[in-house]
Amino acid sequence: GFISGQGATVQKTQGVYDSASVGTGKVVTVTLQNSDFKATGTTNLANYILPKSISGTVGVISKAVISVTADSLSKPFMGIDPVLTYTASGIVANEVGSQVLTGNLSRTPGEELGTYKVNVGSLSVGANYALVFTSGSLKVVPGVLSSASSVFPFANKALQGNAQENMTVPAPISVPDFTCKN
């Protein structure tokens, strides 16, 4: 230690954490050189053997924030839902998005024409991250019917006339902006 009335401060502000995991009271180790010390008062640092490293439970690692924005998509009425997609930012440089983000987005149920909210669903982030989510939308729009088989997928089979099969064609149905009749 120092003689009474003498001392030094450490000028170095960078160290190595014991791990990259989130937490408080983390052990930080600092490697030192004589030039990292600043003498206080009349202290002559040449009279002392200075430590080459110091450590302490002084580190704090906070969660990194990942921002996820759900894409706004559309689908035709009576169509299949597209895969719900998103963009993400804030992933730490040496980590891969697929390792940090897991799960899938979901949407508010409904098949009628209109707009449905895309929600976070089961999407989650690793323990070292906090998720900030911005929802998107899925818009159900009027579909375009290319043929009767779009509404009656078995129509071609019925028209091919296999005498051994009994086909029942349902009553007329109404599709928004279109009416189909037998």
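This is a tour of one protein chain, stop by stop, with a note on what to select at each stop.

**Before you start**

The model is predicted: local features need pLDDT of at least 70, side-chain atom pairs count only at pLDDT 80 or more, and totals for chains, interfaces and linings use all residues. Residues are numbered from 1 along each chain as its sequence is written, and side-chain values use heavy atoms, with hydrogens and water left out.

**Stop 1: the whole chain**

Show the chain as a cartoon. Its secondary structure comes to three helices and 16 strands. Helices (H or I, at least four residues) and strands (E, at least two) are DSSP runs, numbered from the N terminus. Of the 182 residues in the chain, 21% are buried. Here buried means under 20% relative accessible area, exposed means over 50%, and partly exposed lies in between (1.4 Å probe, protein chains only).

Now switch to a surface. The chain exposes about 12,100 Å², and carbon and sulfur atoms supply 54% of it. Accessible areas come from the Shrake-Rupley method with a 1.4 Å probe; for residues, only the protein chains shown count as cover. Among contacts (heavy atoms within 4.5 Å) between residues at least 6 apart in sequence, 56% join residues at least 24 apart.

**Stop 2: the sheet S2-S3-S5**

Return to the cartoon. Three strands form an open sheet in the order S2-S3-S5, with antiparallel pairing. Strand S2 (16-17) and strand S5 (53-61) are at the edges with a single partner strand each, so one side of each is left without a neighbour in the sheet. Two strands pair if DSSP finds at least two bridges between them. Select strand S3 (residues 23-31): eight bridges join S3 to S5.

**Stop 3: Phe37**

Select Phe37, in strand S4 (residues 37-40). Is Phe37 buried or exposed? At 12% relative accessibility, Phe37 counts as buried. Apart from neighbours within four places in sequence, Phe37 is in contact with Ala8, Thr9, Val10, Leu32, Leu45, Leu50 and Pro51. Draw a distance from Phe37 to Pro51: the two are 14 residues apart along the chain, and their C-alpha atoms are separated by 9.9 Å.

**Stop 4: strand S6 and its partners**

Select strand S6 (residues 64-70) and strand S13 (residues 129-134), which run parallel and are joined by six bridges. Within this pair, the bridge partner of Val68 is Phe133 in S13. Ser67 has Ser89 in S8 as its bridge partner.

Stay on S6 and pick Ala70. Ala70 counts as buried, at 5% relative accessibility. Which residues does Ala70 contact, leaving aside its neighbours within four places in sequence? They are Thr85, Tyr86, Leu105, Val118, Phe133, Thr134, Ser135 and Gly136. Asn119 is 49 residues from Ala70 along the chain, with 7.8 Å between their C-alpha atoms.

**Stop 5: the cores**

A nonpolar core is a set of buried Ala, Val, Leu, Ile, Met, Phe, Trp, Tyr and Cys residues joined through side-chain atoms within 4.5 Å. Select Ile66, Val68, Ala70, Leu84, Val100, Leu101, Leu105, Val118, Leu123, Val125, Tyr129 and Leu138: these twelve residues make up the largest nonpolar core. S6 gives the most to this core, with three residues. A second, separate core has seven residues, including Val28, Phe37, Leu45 and Leu50. In soluble globular proteins, nonpolar side chains tend to be buried together.

**Stop 6: the sheet S7-S14-S11-S10**

Here four strands form an open sheet in the order S7-S14-S11-S10, with mixed pairing. Strand S7 (73-76) and strand S10 (106-107) stand at the edges, each with a single partner strand, so one side of each has no neighbour in the sheet. Select strand S11 (residues 114-119) and strand S14 (residues 136-141), which pair in the antiparallel sense over five bridges. Lys117 has Ser137 in S14 as its bridge partner.

Next, show the side chains of Arg107 and Tyr116. Arg107 lies over the face of Tyr116, at 5.2 Å from the ring centre. A charge sits over a ring if NZ of Lys or CZ of Arg is within 6 Å of the ring centre and within 35 degrees of the ring normal.

**Stop 7: Met78**

End at Met78, in the loop between S7 and S8. Met78 has a positive phi of about 70° although it is not a glycine. Its relative accessible area is 56%, so Met78 is exposed.
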